[in-house]
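Have the viewer ready, and pick out the residues as they come up.

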Amino acid sequence: PAPRHERTVLLLEGCVQPLTAPQTNAAAARVLDRLGISAISAAEAGCCGAVDYHLSAHEQARRQLRRNIDAWWPHVEAGAEALIMTASGCGAMVTEYGDILADDPAYADKAARIAAMTIDLSSFLAREELTSLSGIGHGRRVAFQAPCTLQHAQATTGVVEGILEQAGYTVTEVADAHLCCGSAGTYSILQPELSQRLRDNKLEALGRGQPELIATANIGCQLHLAGGSGTPVRHWIELLDPEALI
């Protein structure tokens, strides 16, 4: 939706998600619009820098961080209240911008501000009045795979499940929910055998509750799980958007 509300937030498009799952941020923007919040994407912002940083290409990653900060800063100054992450892996990275650029005199303060205003979409929505979303789920059974970057890196657990239940979904129990699905950034490329074993174990645990859908909060996990799943794998925000569910 075109920006039309007084309240505005920033959404990071990222690099993988807009190519492989553009419906994720589109659904997020529509849900936020229904709540009276306009979502804005800064076209100049791209990769969050996580892949390069985790592979020790630190200076290249820092250039990406500075570019993103420059893209976001005019919107921050214009009053955007939060920088919302729909990919928990990106969220884990952006919350570290302040630490990574702490020794950069030109960007340290801006990076700290960006990190402080970064929040996962689930945590942001948990603070809002969501009665308009009640009943959307019609009792459909959903298994939620909690990405490591959400529950461990950002210490956010149970929030997505609570939102889905509030929206009328039946969230199934998942054994060993703390374990990795095997995607783990570049791990699925560098350690394919172990990665696939972790994925198969995770899919077996997710499937025990006989869900109609598997939901997750990170594009890497979503693509990785979908590669071996007979059950549709979606970003959880799509489950709150009637247009995405058509």
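## The second largest pocket

The lining of the second largest pocket is made up of 8 nonpolar, 6 polar and 1 charged residues. Here Ala, Val, Leu, Ile, Met, Phe, Trp, Tyr, Cys and Pro count as nonpolar, Asp, Glu, Lys and Arg as charged, and the others, Gly among them, as polar. This pocket holds about 160 Å³ of space. Of its 15 lining residues, F144, A146, G158, E161 and A177 are the closest to its centre. Both α9 and α10 supply at least two residues of this lining, and α10 gives the most, with 3 residues.

A word on terms: on a 1 Å grid over the protein atoms alone, a pocket is an open set of points with protein on both sides within 12 Å along at least five of seven lines, a cavity is a set of points where a 1.4 Å probe fits but cannot get out, and lining residues have an atom within 4 Å of a point. Grid points are joined across faces, edges and corners, and a volume is the space filled by probe spheres set on the points.

## Where the model comes from

Please keep in mind that this is a predicted model, in which local features need pLDDT of at least 70 and side-chain atom pairs count only at pLDDT 80 or more, while totals for chains, interfaces and linings use all residues. Residues are numbered from 1 along each chain as its sequence is written, and side-chain values use heavy atoms, with hydrogens and water left out.

## The largest pocket

The largest pocket has a volume of about 860 Å³. Of the 38 residues that line it, V51, G89, G185, N218 and G220 lie nearest its centre. At least two lining residues come from each of α3 (50–54), α5 (88–94), α9 (148–153), α11 (187–190) and α13 (219–226), with α13 giving the most, 5 residues. By class, this lining has 22 nonpolar, 14 polar and 2 charged residues.

## One cavity

Searching the whole structure turns up 1 cavity of 30 Å³ or more, and the volume of the largest cavity is about 30 Å³. Its lining consists of P1, A2, P3, A29, D33, S38 and A39. α2 (23–34) and β2 (37–41) each supply at least two of the lining residues.

## Nonpolar cores

A nonpolar core is a set of buried Ala, Val, Leu, Ile, Met, Phe, Trp, Tyr and Cys residues joined through side-chain atoms within 4.5 Å, where buried means under 20% relative accessible area with a 1.4 Å probe, protein chains only. In the largest core, which has 37 residues, I84, F124, L125, L164, W236, I237 and L240 touch the most other members. The largest share of this core, 5 residues, comes from α2.

Leaving aside neighbours within four places in sequence, L240 is in contact (heavy atoms within 4.5 Å) with V31, R34, L125, L133, I136, I163, L164 and A167. A second, separate core has 28 residues, including V94, I100, A111 and I114.

## The chain overall

The chain has 14 helices and 8 strands; helices (H or I, at least four residues) and strands (E, at least two) are DSSP runs, numbered from the N terminus. Of its 246 residues, 52% are buried.

How values were computed
Buried means under 20% relative accessible area, exposed over 50%, partly exposed in between (1.4 Å probe, protein chains only).
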